[in-house]
Amino acid sequence: AMAARLVVRDVGRVLGVPLASVDRLAKLIPATPGTELSKAIQDNPEIKEASRDPQIKKLLELSLKLEGLKRHSSTHAAGTVITKEPVVRYAPLSRTSRSETLTTQYDGESLGALGLLKIDFLGLRTLRIIDDAARIVSRRLGRPFDIAAIPPDDPKTYDLLRQGHALAVFQLDSSGIRDLLTRLKPTDFGDIVAVIALYRPGPMKAGMLDDFVERKHGRKRVAYAHKLLEPILKDTYGCIVFQEQVMETAKTLAGFTPGQADGLRKAMSKKIPAELEKLRASFVDGAVKNGIAEKLANKVYDQLTEFGGYGFNRSHSAAYGLVAYQTAYLKANYPLEFMCAVLTSEIGHSSVASDEKENKLATYLDEARRMGLQALPPDVQRSEPAFSIEEPAGIRFGLSAVKNVGEGAARMILEERLKGPFKDFGDFQSRVDPRAINKKVAESLAKAGALDSLWGKPPSAARAEALAAIESSWGKSAKSLSERDLGQEFLFELPPPVAAAPASGDAAPPLEPKQMLDLEKEMLGVYFSGHPLDGIEHQLKALRSHAISEISAQTTASPVRVCGLIRQIKRMTTKDRGAPWARAVIEDATGEMPILVFSKAYASGLGDKLKSGAIMAVSGRLSLRNASEESRPELIAEGLWEIDEAVPLFARRLRILLDGLSPDAEALKKLKGLFEAAPGPCAVQFERELGQERLCLALETGVRLTPNLLKSVETLLGKNSWRIESASS
């Protein structure tokens with residue numbers, strides 16, 4: 001059906017209204033489900049103001065008439081109808097426009113009302129992860145490994161869950177549910193099933209989740225309204241968690257038939273007041289016949305109504321719980337095999353170098369390192385298409401996980417390497433078909449570091465020379481190969497020359513560390529040879545008020561300023577006004593924390609300044625809304641500066657450390673010239689140890705700090721020759 005925003009966009013397109021005008025108008029309409037266009041117009045003066053334009057007025061008039069009409073048909077991705085006789089005897093059918101898929105013209109609710117069986121078949125990528133991990137375990141053990149035969153009470157598995165180390169565990173992967181696991185400290189399979197059922201907005205808002213945790217640990221008394229409820233609710237500590245518990249209560253206390261109990265479940269899940277009141281009478285009458293007082297029966301029914309509406313299907317939760325337990329078992333007992341399978345599953349699914357989405361590949365590589373596993377970079381001499389294990393505890397990056405390198409190209413490289421290792425870059429170039437491993441693929445491999453081992457040089461030099469060689473010669477033999485295939489080569493033509501590495505005198509200059517890291521991030525989604533924060537610890541320490549690891553729910557300082565790398569930017573709009581805002585993550589060498597850029601700050605310019613991969617100083621106040629003892633508070637940003645911008649803004653003193661240094665007169669003269677050429681507000685102080693004292697000499701004039709000036713100081717005096725002090729030092 002055409003909802004308020006959608007109908008405005010559709011009508012605007014048909015009327016030929018400029019897209020920018022339609023987009024601006026649509027964003028003034030709340031995105032909340034059920035929003036009515038007439039109410040949005042009435043509540044928002046900006047829409048009324050916009051309707052002064054005759055074109056916009058006509059657009060809105062037509063939209064009001066069309067709102068709510070059916071716009072198109074859609075196909076449920078997994079819904080399957082099962083009938084005794086041909087489906088056409090029960091419902092009209094149609095075929096989808098893009099395929100020959102046969103669908104009913106009735107929706108799922110109507111089919112259920114007709115008494116037809118509708119089943120949703122879900123495909124889970126996790127099942128492939130389990131299968132792949134089990135296969136790797138079998139290969140390494142030298143005997144079959146059956147995931148269905150694992151013990152249901154494995155101590156290592158529950159210890160892993162109690163510690164909250166559930167990253168990559170099915171359904172228990174999110175930070176919120178990992179924090180919950182450390183509070184709940186599950187001890188049996190029933191706890192896992194209950195957590196999956198309770199970790200949803202409704203039960204959490206109603207306090208059911210906290211109630212469950214408190215009762216499990218004996219901090220809140222478990223009580224039953226009637227003794228008949230104890231066997232039904234005992235395994236969930238007296239909490240109504242599952243729909244089956246609602247049905248069992250109705251059958252046991254009120255004598256409902258299974259069909260009546262299912263009707264009560266449906267009415268409660270849909271919260272239909274009239275139906276619930278009608279069923280109350282039946283419930284109370286049945287309970288009274290069973291010898292239960294009317295007042296108590298009403299009390300039990302009130303509890304069912306209050307909490308039963310949040311109930312989750314137990315069989316569904318148990319099935320998911322089993323998959324969760326199996327993945328947790330593999331992670332606890334076979335971490336190398338499990339993480340290798342997890343990383344392989346992310347190939348083609350993780351977002352590489354995207355501002356909008358978390359790169360799960362990077363997240364899981366970090367988790368593998370935390371687990372004591374070694375993450376190894378891609379290498380045409382060692383990598384397989386997927387992630388692979390290198391003994392004793394290494395996971396090698398798969399070639400097909402490199403951006404622009406597909407499965408076919410990766411397999412071709414592997415097949416050629418199995419004939420014998422590549423001797424050098426020239427041998428590699430001569431043995432792979434440039435029509436399959438084209439120039440773009442070759443450049444991607446070089447940028448990712450997968451060709452480093454072919455050069456016998458440090459990565460910075462190897463990658464620069466590989467890129468230069470690819471630019472000058474890659475693919476030039478492809479034309480000759482094509483002509484040869486067509487029989488057009490000259491009779492006495494020699495084979496095309498193999499490109500060799502450039503002569504040493506013509507070697508491309510090595511890549512700068514930042515260039516290498518940026519290219520790795522672009523191709524892999526992760527940094528391998530280092531981290532952008534390496535080498536600038538002094539600046540970060542001087543500019544921040546706190547290291548991220550020092551911030552907790554108990555931090556009272558305000559404002560707080562942290563410095564680090566920005567990633568995982570997610571840009572959104574507010575539900576009421578459609579105003580843009582953003583969420584991101586900032587990390588330093590000690591940890592990471594979430595940043596919120598609300599709409600007012602976003603509109604003031606912070607939204608444009610927020611960039612993924614940038615090293616920034618962020619100032620703001622802490623929000624304890626989602627903080628706990630195990631997680632950090634969010635930082636509500638009020639100021640954002642790139643590091644080069646922040647250094648001159650917040651630095652109050654540049655300290656030149658001459659300890660152990662004996663600069664000659666020429667170096668000091670150049671240093672003086674540097675400072676005189678960049679006058680500014682930052683004081684300069686020279687320091688040196690002299691016996692038991694520290695001698696300090698301050699210059700009369702200050703300087704303007706820039707990255708180039710600091711780099712020049714390093715060139716003259718060495719890397720550890722300076723420090724910055726800021727107001728927060």
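The model is a predicted one, where local features need pLDDT of at least 70, side-chain atom pairs count only at pLDDT 80 or more, and totals for chains, interfaces and linings use all residues. Residues are numbered from 1 along each chain as its sequence is written, and side-chain values use heavy atoms, with hydrogens and water left out.

**The whole chain**

The protein chain has 31 helices and 16 strands. Here helices (H or I, at least four residues) and strands (E, at least two) are DSSP runs, numbered from the N terminus. Along the principal axes, the C-alpha atoms fill a box of roughly 105 × 80 × 70 Å. Of the 729 residues in the chain, 43% are buried; buried means under 20% relative accessible area, exposed means over 50%, and partly exposed lies in between, with a 1.4 Å probe and protein chains only. Among contacts (heavy atoms within 4.5 Å) between residues at least 6 apart in sequence, 63% join residues at least 24 apart.

**Back to K331**

K331 counts as buried because its relative accessibility is 3%. Leaving aside neighbours within four places in sequence, K331 is in contact with L160, H165, A166, L167, V169, F338, E367 and M371.

**Two helices of 12 residues**

Helix α1 covers residues 4–15 and helix α14 covers residues 243–254; the table puts their values together. The expected span is 1.5 Å times one less than the number of residues.

| Helix | Number of residues | First to last C-alpha | Expected span |
|---|---|---|---|
| α1 | 12 residues | 17 Å | 16 Å |
| α14 | 12 residues | 16 Å | 16 Å |

In α1, the buried residues are A4, V7, V8, D10, V11 and G12. Their cover includes α2 (19–27), α3 (37–43) and α5 (54–66). Just after α1 comes G16, with a positive phi of about 75°.

In α14, the buried residues are Q243, Q245, V246, M247, T249, A250, L253 and A254. Among the elements covering them are α13 (230–233), α15 (258–270), α16, α17 (294–308) and α18 (314–333). G255 follows α14 and has a positive phi, near 70°.

How do α14 and α16 meet, and at what angle do they cross? The axes of α14 and α16 (residues 273–289) come within 7 Å and cross at roughly 45°. Axes are lines fitted to C-alpha atoms, for helices over the stretch in contact, and angles run from 0 to 180 degrees between N-to-C directions. The two helices are therefore oblique to each other; under 35 degrees counts as roughly parallel, over 145 as roughly antiparallel, 65 to 115 as roughly perpendicular, and the rest as oblique. On the α14 side, T249, A250, L253 and A254 make the contact, and on the α16 side F283, G286 and A287 do. These residues divide into five nonpolar, two polar and no charged. In this grouping, Ala, Val, Leu, Ile, Met, Phe, Trp, Tyr, Cys and Pro are nonpolar, Asp, Glu, Lys and Arg are charged, and the others, Gly among them, are polar.

**A barrel of strands**

Five strands close into a barrel in the order β8-β9-β10-β12-β11, with mixed pairing. From one strand to the next, the twist averages 50°. Two strands pair if DSSP finds at least two bridges between them. Strands β8 (residues 560–573) and β11 (residues 615–623) pair in the antiparallel sense over six bridges, and the bridge partner of G564 in β11 is M616.

Helix α28 (residues 599–609) lies across β8, β9, β10, β11 and β12, running at about 40° to β12. Helix α29 (residues 643–650) also packs on the sheet, where α29 touches β8, β11 and β12 and its direction makes about 85° with that of β12.

**Details in the loops**

A cis peptide bond joins E391 and P392, with omega about 5°. P392 lies in the loop between β6 (388–390) and β7 (394–396).

Y237 is not a glycine, yet has a positive phi of about 55°. Y237 lies in the loop between α13 and α14 and counts as buried at 17% relative accessibility. N404, another residue other than glycine, has a positive phi near 75°. N404 belongs to the loop between β7 and α21 (407–418) and is partly exposed, with a relative accessible area of 35%.
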